[in-house]
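Please read it alongside the sequence and the model.

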Amino acid sequence: MTSASLDAQSPADTPAVVLTIAGSEATGGAGAQADLKTFQELGVFGIANLTCIVSFNPNDDWNHRFVPVDQQVIADQLEATTAAYGPAPDGQSVPGRPVLDTVKIGMLGSPATIATVADALGGNRFGNVVLDPVLICKGQEPGHALDTDQALKAQILPLATLVTPNHFEAESLSGLEITDVESLKAAAIRIHELSGAAVLAKGGVRLEGPDAVDVFYDGETLEVLSAPKVGEVAVSGAGCSLAAAVTAELAKGASPLDAARTAKEFVTAGIRNRVASGAPFDALWQGGAR
């Protein structure tokens with residue numbers, strides 16, 4: 001027996017495998033970078049397939065500079081990942097080899113990318129598809145942004161098993177104005193009715209009051225998740241990390257509600273231990289709970 005095999009983990013110790021399909025955010029605070037750091041902190045093996053490159057422009061009020069990844073490159077990434085970690089060709093499990101069953105969808109950025117990702121999702125049976133529905137990317141041409149929003153709702157939302165919209169996205173998906181906890185509850189219920197997915201609607205610091213409030217609803221259970229606000233300004237990566245934490249917990253076998261509770265605690269600790277920079281926003285630190 002070789003030393004490599006002696007050092008190999010037993011199947012019981014093999015971490016769950018999770019995939020994020022998302023954009024790269026150059027400052028490291030959000031996007032795929034935030035997802036991978038969250039996955040690592042929560043003990044799962046993270047993979048990132050990139051859809052676009054976003055770099056804030058310090059010479060233009062830190063607006064987004066958005067560059068899509070070529071469609072064939074996106075398709076190639078998805079092909080490689082699912083071939084490596086998807087089910088065996090005969091459908092049988094392989095001892096010691098984890099199976100990729102959980103995926104998080106972040107920024108897609110264009111109707112073409114949405115079509116590519118929807119095709120890949122449709123060709124693989126994932127047990128958990130967590131959609132963080134990034135509907136608007138600052139810097140995109142308005143008409144293009146609207147086309148992207150409509151494509152996301154038509155092609156990706158129906159595939160989701162859990163959706164994590166922020167305040168703006170929850171208003172857009174539900175068609176409701178959200179001004180308080182009650183309207184956030186109503187929006188979560190409406191989004192579930194439209195999609196069939198469990199919903200974790202993020203109110204965060206955008207609702208008045210001392211607490212940062214999110215609402216979970218899965219068609220049966222309606223629960224308000226709250227924690228004292230840490231400042232009154234949104235922190236970069238909070239939404240990405242919340243969805244990524246939910247994804248990690250689902251991959252480990254948690255129920256959607258328990259995953260949401262754990263994610264809320266994880267993100268609150270990360271906001272409390274935020275990282276400052278020369279940018280006009282702080283970033284969540286995924287190691288904040290240590």
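The largest cavity of this predicted model has a volume of about 40 Å³, where a cavity is a set of points on a 1 Å grid over the protein atoms alone at which a 1.4 Å probe fits but cannot get out, and the volume is the space filled by probe spheres set on points joined across faces, edges and corners. A search of the whole structure finds two cavities of 30 Å³ or more. Residues are numbered from 1 along each chain as its sequence is written. Local features need pLDDT of at least 70, side-chain atom pairs count only at pLDDT 80 or more, totals for chains, interfaces and linings use all residues, and side-chain values use heavy atoms, with hydrogens and water left out.

The lining of the largest cavity, meaning residues with an atom within 4 Å of a point, consists of L19, I21, L78, T82, V117, A120, L121 and F126. The largest share, three residues, comes from α4.

Strand β8 (residues 211-217) is largely enclosed by the rest of the structure, because six of its seven residues are buried, that is, under 20% relative accessible area with a 1.4 Å probe and protein chains only. Helices (H or I, at least four residues) and strands (E, at least two) are DSSP runs numbered from the N terminus, and two strands pair if DSSP finds at least two bridges between them.

| Strand paired with β8 | Sense | Bridges |
|---|---|---|
| β7 (residues 198-204) | antiparallel | five bridges |
| β9 (residues 222-228) | antiparallel | seven bridges |

Within β8, V215 is the bridge partner of A201, and V215 also stands opposite V224 in β9.

Key
1 Å grid on protein atoms, 1.4 Å probe; cavity = no way out; pocket = protein on both sides within 12 Å on 5 of 7 lines; lining within 4 Å. Buried < 20%, exposed > 50% of the residue type's maximum accessible area, 1.4 Å probe, protein only.
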